Amino acid sequence: MILQIKKLTDTAKIPERGSSMAAGYDLFADIKDEVIIKPHTTFMVGTGVAVAIPEGYFGGIYARSGLSAKEGLRPANCTGVVDADYRGEIKVALHNDSEEKRTIAPGQKIAQMVVSPFLSVEFSQVEELDDTDRGEGGFGSTGKM
């Protein structure tokens, strides 16, 4: 699949995969100066790129494992969604879960995007749902013996 991508600034970087089998494409901070993210706060970081995702797909924005594990930085909404009809700049709301100030540098890898298909559904309201062995068992119910 080939995605159309538009650089919105001269400093923007095209997303890159870390290896040939990586599912995610690294997104880069397109900022002029370093940004300090205080503990337990969120800062919106632009990437300087816009993409045309095909109908039937979406771009999932996920944390980079190293950045989240080592620095405590992750997308504030945990997983962002870039819809197929969105043509604006991809931005990442980075949240600092740590107790320390964290610095984001221009061009730094801040998140990753995975392009995935999805199913479009319609909802049919009913009075009752079919029965299953689990029934209404909620959080943690399937781990019981």
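**Labels and their cut-offs**

User: Which residue does G59 stand opposite in β12?

Analyst: In β12, G59 faces V115. Next along, G60 stands opposite V114 in β12. A word on the source: this is a predicted model, in which local features need pLDDT of at least 70, side-chain atom pairs count only at pLDDT 80 or more, and totals for chains, interfaces and linings use all residues. Residues are numbered from 1 along each chain as its sequence is written, and side-chain values use heavy atoms, with hydrogens and water left out.

User: How do you know that β7 and β12 are joined?

Analyst: Two strands pair if DSSP finds at least two bridges between them. Strand β7 (residues 57–62) and strand β12 (residues 109–117) have six bridges and run antiparallel, so they count as a pair. On the same test β3 (residues 25–28) also pairs with β12, in the antiparallel sense over four bridges; there F28 stands opposite K109.

User: What makes β2 and β9 edge strands?

Analyst: The open sheet has five strands in the order β2-β3-β12-β7-β9, with antiparallel pairing. β2 (16–17) and β9 (80–82) each pair on one side only, hence the name edge strands. Strands here are DSSP runs of E, at least two residues long, and helices are runs of H or I, at least four long, numbered from the N terminus. By that rule the chain has one helix and twelve strands, and its sequence pattern reads β-β-β-β-β-β-β-α-β-β-β-β-β.

User: Why is V51 called buried?

Analyst: Its relative accessible area is 4%. Buried means under 20%, exposed over 50% and partly exposed in between, with a 1.4 Å probe and protein chains only, so V51 is buried. V51 lies in strand β6 (residues 49–52). Contact means heavy atoms within 4.5 Å, and beyond its neighbours within four places in sequence V51 is in contact with Q4, I5, Y86, R87 and I90. For the chain, 30% of the 145 residues count as buried.

User: Is H40 buried or partly exposed, and what makes its phi stand out?

Analyst: With a relative accessible area of 44%, H40 is partly exposed. H40 sits in the loop between β4 (35–37) and β5 (42–46). Its phi is near 60 degrees, a positive value in a residue other than glycine. Most residues other than glycine have a negative phi. C78, in the loop between β8 (73–75) and β9, has a positive phi too, near 70 degrees. C78 is partly exposed, at 48% relative accessibility.

User: What lines the largest pocket, and how many of its residues are nonpolar?

Analyst: The lining is M1, L3, I5, I14, P15, Y25, V51, M113 and V115, which gives nine nonpolar, no polar and no charged residues. Nonpolar covers Ala, Val, Leu, Ile, Met, Phe, Trp, Tyr, Cys and Pro; charged covers Asp, Glu, Lys and Arg; the others, Gly among them, are polar. The volume of this pocket is about 250 Å³, meaning the space filled by probe spheres set on grid points joined across faces, edges and corners. On a 1 Å grid over the protein atoms alone, a pocket is an open set of points with protein on both sides within 12 Å along at least five of seven lines, and lining residues have an atom within 4 Å of a point.

User: What is the volume of the second largest pocket, and which residues lie nearest its centre?

Analyst: Its volume is about 180 Å³. Of its 13 lining residues, I61, N77, G80, K91 and V92 lie nearest the centre.

User: How do you know how the chain compares with a compact globule?

Analyst: The radius of gyration is taken over C-alpha atoms, and the globule rule is 2.2 Å times the number of residues to the power 0.38. A compact globule of 145 residues would be near 15 Å, but the chain has 19 Å, so the chain lies above the rule. Along its principal axes the C-alpha trace spans about 55 × 40 × 30 Å.

Definitions and conventions:
On a 1 Å grid over the protein atoms alone, a cavity is a set of points where a 1.4 Å probe fits but cannot get out, and a pocket is an open set with protein on both sides within 12 Å along at least five of seven lines; lining residues have an atom within 4 Å of a point.
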